[in-house]
Amino acid sequence: MEALKPLTLKNKKQVAVPNANLFPEPHASWVSKGKFAVAAVTLDDYLPMRSTEVKNRTSTDGIKSLRLITAVKTPYLPDGRFDLEAYDSLINTQINGGAEGVIVGGTTGEGHLMSWDEHIMLIGHTVNCFGSNIKVIGNTGSNSTREAVHATEQGFAVGMHAALHVNPYYGKTSTEGLISHFKEVLPMGPTIIYNVPSRTSQDIPPPVIEALSCYSNMAGVKECVGHERVKCYTDKGITIWSGNDDECHDSRWKYGATGVISVASNLVPGLMHSLMFEGENAALNEKLLPLMKWLFCEPNPIGLNTALAQLGVVRPVFRLPYTPLPLEKRVEFVRIVEAIGRENFVGQKEARVLDDDDFVLISRY
C-alpha cells in the first residue's frame with residue numbers, strides 16, 4: 001500500500017515546525033503498523049461554523065418585522081439549575097399572549113450568570129420546543145470578540161433565528177474597534193445590535209450603526225438612548241426596537257420604531273401586544289406606566305424576578321448577586337396588579353406578598 005501523502009492546499013501558508021527531525025519521512029511499512037504520516041499543518045482562511053440550512057431558516061426581513069419581542073426570564077430550581085418546566089410555561093404564555101419573539105439569555109434572562117454550556121443549551125432547547133411558533137433570538141454577545149464569535153457560531157448551529165449583540169463593555173474600545181467587533185459576527189446570520197449605555201458605559205454612536213447598516217444580516221438596533229436617537233435611525237430606514245418599556249408606546253407611534261424588546265411583557269404580554277399593534281393608546285400606556293416604573297426601581301431583572309415569584313409562576317429562587325426587592329416594594333406590586341387587573345397578568349394564582357424567608361439565594365450554581 002502506498003504511504004499517505006501530506007495534504008497540500010494552494011496558496012496556503014505552512015506553519016514552521018521548530019524541529020523537523022522530530023517528524024521523519026513516512027515509510028510505507030508504517031501503514032501496516034498503524035502509523036500514519038504527519039500531514040502538513042496549514043493556516044487556512046477562517047471559516048465560521050455556519051450552516052446555510054440553519055442561517056436561511058429565517059430571513060433578516062423576518063426579524064425586522066417583529067413588533068413584540070420579550071426578553072424572557074430564566075427561572076431556577078432551588079439548587080440553582082434551570083427550571084425548564086417553569087421556563088416552558090413562560091414561553092407558552094408568551095406565544096399565547098401574542099409575543100412574536102423571545103430574547104434568550106439576555107440581561108433579563110441573566111445570560112451573564114450562565115456558563116456558555118448552559119446558555120447554548122437554553123437557546124437550543126427553546127428552538128427545539130418552540131422555534132416553529134416564535135422567533136428565538138439568542139443573546140450571544142460578549143465584551144470579548146473571540147467569545148462573541150464562538151457563541152454566535154454555536155447559537156446558529158443549534159438553530160436560533162437571530163443573534164443579539166451588545167458592544168464590548170468594561171474593556172471599552174474605540175469607534176473603529178466597535179465596527180470591527182460587529183463585523184466579525186454579522187456574516188453569521190440575522191443580528192440585532194443592542195445599545196444600552198447605562199450598562200456598558202459606552203454609547204454606540206450613530207456613525208457605527210450607519211457603517212454597519214449596509215450588511216444584509218443587520219436586522220436593526222435595540223436602542224435605549226431615547227426618542228431622538230430612535231428618530232435619527234428610523235428617518236434613515238434603520239429598523240429600531242425600543243429598549244425602554246416606559247418609552248416604547250411613543251417610540252412606536254410617534255418616532256417610527258418597529259416595536260419593543262420588552263421586560264414588562266413577561267408579566268402582561270397581551271397588554272404589551274395591544275400597545276404595539278393597535279395604534280396609539282395613551283390611556284393604556286398610562287395604565288401600564290406604574291408597573292414599568294416599578295420594574296426598574298432597582299436594576300433589571302430584580303423587579304421582574306420578584307414579581308414572577310409573587311405571581312406564583314416561578315420559584316422564588318435568585319442567583320446571586322440578585323436579591324429580591326424589599327418588603328414595601330413587594331406590597332406595592334400586589335397593589336399594582338389589583339389596579340391593572342389580575343386577569344391581565346401571567347399565571348393563575350393570586351398575587352401575594354412573599355416574606356423574606358420565602359426567597360432562596362444561590363451563590364453556587
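Reply: Lys 231 is partly exposed, with a relative accessible area of 34%. Partly exposed lies between two cut-offs: buried means under 20% relative accessible area and exposed means over 50% (1.4 Å probe, protein chains only). This is a predicted model, in which local features need pLDDT of at least 70, side-chain atom pairs count only at pLDDT 80 or more, and totals for chains, interfaces and linings use all residues. Residues are numbered from 1 along each chain as its sequence is written, and side-chain values use heavy atoms, with hydrogens and water left out.

Lys 231 has a salt-bridge partner, Asp 235. A salt bridge needs a side-chain nitrogen of Lys or Arg within 4 Å of a carboxyl oxygen of Asp or Glu. Here the closest N and O atoms are 2.9 Å apart. Asp 235 counts as exposed, at 54%.

Salt bridges with shared partners also join Asp 203, Glu 223 and Arg 229 into one network. Within it, Glu 223 and Arg 229 meet at 4.0 Å, N to O. Both Glu 223 and Arg 229 are buried.

Now Arg 81. Its salt bridge is with Asp 79, at 2.7 Å between the closest N and O atoms. Arg 81 is exposed at 51%. Asp 79 is partly exposed at 39%.

By this rule, the count is 11 salt bridges. Why do such pairs form? Side chains of opposite charge can pair when their charged atoms come close.
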